[in-house]
Amino acid sequence: MSETGSTSTDTEPTAESTEPITEDVSLSSISDEYRASVPDDLRETYPVQWYLNRVVDEPRVARNAHQRLADMFDYYGREDDDGDVVRYTIASEDPLHDGENVFFGENVHEAIHRYVNKVKSGARGLGPERRIKLLLGPVGSGKSHFDHLVRRYFEDYTRRDEGRMYTFRWVNLTDVIDDQDPGDDAVRSPMNQDPLVLLPREPRDRVLERANERLDANYTLSNDQSLDPESAFYMERLLEQYDDDLEAVLANHVEVVRLVADENRRECIETFEPKDKKNQDETELTGDINYSKLAVYGESDPRAFDYSGALCNANRGIFSGEELLKLQREFLYDFLHATQEGTIKPRNNPRIDIDQVIVGRSNMPEYRDKREDEKMEAFNDRTKRIDYPYVLEYEAEARIYERLLDNADIDDVSVEPHTLEMAGLFAVLTRIQEPTEHDLDRLGKAKVYNGEAAGADDIDPEKLRDEGDDRAREAEGMDGVSPRFLADEIAEAITDAVPREEEYVSSLTVLNYIEANLESHGSIDPDRLGDYETFIDAVRDEYEDRAIEDVRHALAYELDEIREQGEKYMDHVMAYINDETVEDDVAGEERSPDETFMRAVEEQLDIPEGRKDDFRQEVSNWVGRRARQAESFSPADNERLRRALERKLWEDKKHNINYSALVNAGDIDEGDRNEWVAALRERGYSEGGAMEVLEFAGAKVAKDEMEADE
C-alpha cells in the first residue's frame, strides 16, 4: 500500500502471476540455456560430398569407437605424475559434475589407467579392440560407477565439436521403391553407420588415405564395414533405378546428419542387464523381426527386421554389460563374433558389422565360475581382465564417506575428527594381507599404503603390494569389507543420534555400530568375523592414540612454538648436512649445530643414533625439493617432523599440567575446561565431542603421566 492508501501498480511477481519471480527460474533464460547446450548442426542435413570434404579436412570425424573414446579421456585432461600411473581428469576431478563423482585411491586410479590403456591400444589396432574389457572387482568397489561416468562423458564429448560424429538417412524412398511403406519414406541408418560405408571399398580407402595424411594422431583411420542389410537393400534398389549412378543415388536419396550419443534414447550407448536368468533370448542382443512390418514387407525382407538389440543400439559407441558373466554360456557366444570379428549374426538374417567398445562388469564369484568352465575357454580368451579393487589407502577411503556426507542433510549432527578415517582404516585392514617382512604388522602396512613412514624409511610400498598380491587369492583389495557397509553404519549412527538429541557422532560410536552389525551383514564372510573383531580393537587403539594427541594439543601445544622449534631444527639440520655453522639467537655468535637439541627431536620418533644421519638427510632433501618447486616448507607440512616436534613440546611442558583435574572430571576448573574445549573445537570437535574426548583420552593421558612420575 502507498502512503495514500492506494495500491501500487509496480508490484513484485507472485506465484499466481506469469512473470518470473527470479531470473534463474525464468522460462526464457532456461530456454536460452537449453538452446546453448544443443550442437549447432544437430538439426542440419548435409550432402554426402560435404561429408567427404569434412573427413579430409577434419579427419577425426571418421574415427571408430575406440579412437573416439580414447581421445575423449585426453580431451578432458590428464595428469602424468612421476610414476607409471596417469590420472584422468574425468575420474580425479569430474569437471562436468563439480567433482561429485571423484574417485579416490592410488590403486583405483591404476585400474582406470589400465582401462584407458586397453581402449588406447584398441584405437591403434593392437588387439584389445577385439576383446571385451572386463571390469572385475568385489561388490561396491566402484566399477559400475566408473563405467556410468564414462558413458556420461562420452555423451557430452559427442555433443562437442571435438567429439563430432555423423551418420546418414535415406529419403524420398517412396518416389522410387514401389512397395515402400509411406511411413518409411525417410529411414535413418538403423545401425547409425558412418556415411563412408556408402562408398565402395576402393574409393572409400582413397578418401581415408587423404584423411590420414592430415591426421595428427597415433592411430590410423580405416573403415572396412559393409552397409547393414536394410541400407544395402535400399542401395541396391536405388542403383538399379538410376542405372548404377552412385552420385545420383547419394544426391537424391541420402542426407548426412549429426549423431550424438544418448543412452536414454539408446543411441550409441546401451546398458544391458540380464533379466530372467533361465529364459534368455539372443534377440535382446542382436535384434529380431519387426512384426508390425511383416504384413507390409514379408518375413524375408530386410526392411522387416527390428534393429533394437543391445549390440545394435550401442553401435559407434559403448556397450556396457551389467553383471555380464551371469548370462548363460550359450548367450555369451554372441560376444565371440561381436568381439573377434566385429559382427553380429541375428537369427535368420545376414551378419551385421558393428563398431563399439564392449565393456563388461562382474563380481568375483561369477568370474571364478566362468574361468573354471572349460567350455568357456573361447570366451575367456576374448576378454581383457581389468581388476577394479577396493581402495587401499584409508584416508582416501574416508574421502568416499566424506563425499557421501557432503551430499546428505546432516547439519544437525557433527561428525567428529578421525571418525571417517577410523572407519576407513578398518576397511583397509580387512582388504590387505598380513605382511611377512620389515617387522611390520597389518596396521603398520596400512599406514605405509597411506603414505606414512611407519617408522621405517626403507620400506617400498610397491614391494609390499607385490607381496600382498602374491599371498591374496586374486590380488590385494579384491576382497574385504565393502564401502557400502561402512557407509551404511556411519549413516545409521548419524540417524540414531538425532532422536537422542546428540549433536555429534564419534569414532567410538561408529566402531560400535560396525562391530554390532558385522555378523548380520550378508556380504561378510563368517569365517573372517574373528579377524574383523581383532581389527576393530586395533582401530580403537589407534583412535585412542590420536585422541591422546588431540588432548595434548589442547593442554600444551602452541602452533607458533611448533613452527619456531621446527624452523630451528631445519636450520641446524641444514648446517649439519652442509658442515656449516648457525648463528646463536641470543649471543649472535656462529656456533656448531646443536646436537643435543636435534637428538631431542629425533628421539621422539625412536630414531637411533646410528640412523640420525639418514633422517636428517631426509629432512634436508624435503626442504630442497620444496625450495626447487618454489613451495613454502613449514615444519607442519612434514608429517614425521611435525609429529616429533609435537612430542618434544609435550615433554617440555607436561610437568605444568594439573592431571588430577583430568582424572576427576568434577575437579576440572571451569576456566581450564573452557580453554581445553575451545582448543579442541579449533581442531574440529563439537562441544559435546570435545567433552567426550577429554573424558576418554584426557584421563588416559593423566594416568600415564601420573604413573610415570611415581
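Modeller: Here are some questions and answers about a few spots in this structure, which is a predicted model.

Colleague: Thanks! Is H553 buried or exposed?

Modeller: H553 belongs to helix 23, which covers residues 529-555. Its relative accessible area is 10%. Buried means under 20%, so H553 counts as buried.

Colleague: I like aromatic rings. What kind of aromatic pair do Y75 and Y157 form?

Modeller: A search of the whole structure finds 24 aromatic pairs. In the pair of Y75 and Y157, the ring centres are 5.4 Å apart and the planes are 50 degrees from each other. Planes under 30 degrees apart would count as stacked and over 60 as edge-to-face, so this pair is tilted.

Colleague: How many residues apart in sequence are the parts that this pair ties together?

Modeller: Y75 is partly exposed, at 31% relative accessibility, while Y157 is buried at 2%. Y75 lies in helix 3 (residues 65-75) and Y157 in helix 6 (residues 143-159), so the parts tied together are separated in sequence by 82 residues.

Colleague: Now to helix 24 and helix 25. At roughly what angle do their axes cross?

Modeller: Helix 24 spans residues 559-577 and helix 25 spans residues 595-602. Helix 24 passes helix 25 in a left-handed crossing, with K568 and Y576 of helix 24 and F597 of helix 25 among the residues making the contact. The axes come within 10 Å, and the crossing angle is roughly 120 degrees.

Colleague: Over the face of which residue does K568 lie?

Modeller: Two charge-and-ring arrangements are worth a look here. The charged end of R616 sits over the ring of Y576, 4.5 Å from its centre. K568, at 4.3 Å from the ring centre, lies over the face of F597.

Colleague: One last thing: what is the phi of D244, about?

Modeller: Most residues other than glycine have a negative phi. D244 is in the loop between helix 8 and helix 9, and is exposed with a relative accessible area of 60%. E501, in the loop between helix 21 and strand 17, has a positive phi of about 55 degrees. D244 is not a glycine, yet its phi is positive, at about 60 degrees.

Notes
Residues are numbered from 1 along each chain as its sequence is written. This is a predicted model: local features need pLDDT of at least 70, side-chain atom pairs count only at pLDDT 80 or more; totals for chains, interfaces and linings use all residues. Side-chain values use heavy atoms; hydrogens and water are left out. Helices (H or I, at least four residues) and strands (E, at least two) are DSSP runs, numbered from the N terminus. Buried means under 20% relative accessible area, exposed over 50%, partly exposed in between (1.4 Å probe, protein chains only). Rings of Phe, Tyr and Trp (its six-membered ring) pair if their centres lie within 6.5 Å; planes under 30 degrees apart count as stacked, over 60 as edge-to-face and the rest as tilted. A charge sits over a ring if NZ of Lys or CZ of Arg is within 6 Å of the ring centre and within 35 degrees of the ring normal. Axes are lines fitted to C-alpha atoms, for helices over the stretch in contact, and angles run from 0 to 180 degrees between N-to-C directions. A crossing is left-handed if the near helix is turned anticlockwise from the far one by less than a right angle, and right-handed if clockwise. Contact means heavy atoms within 4.5 Å.
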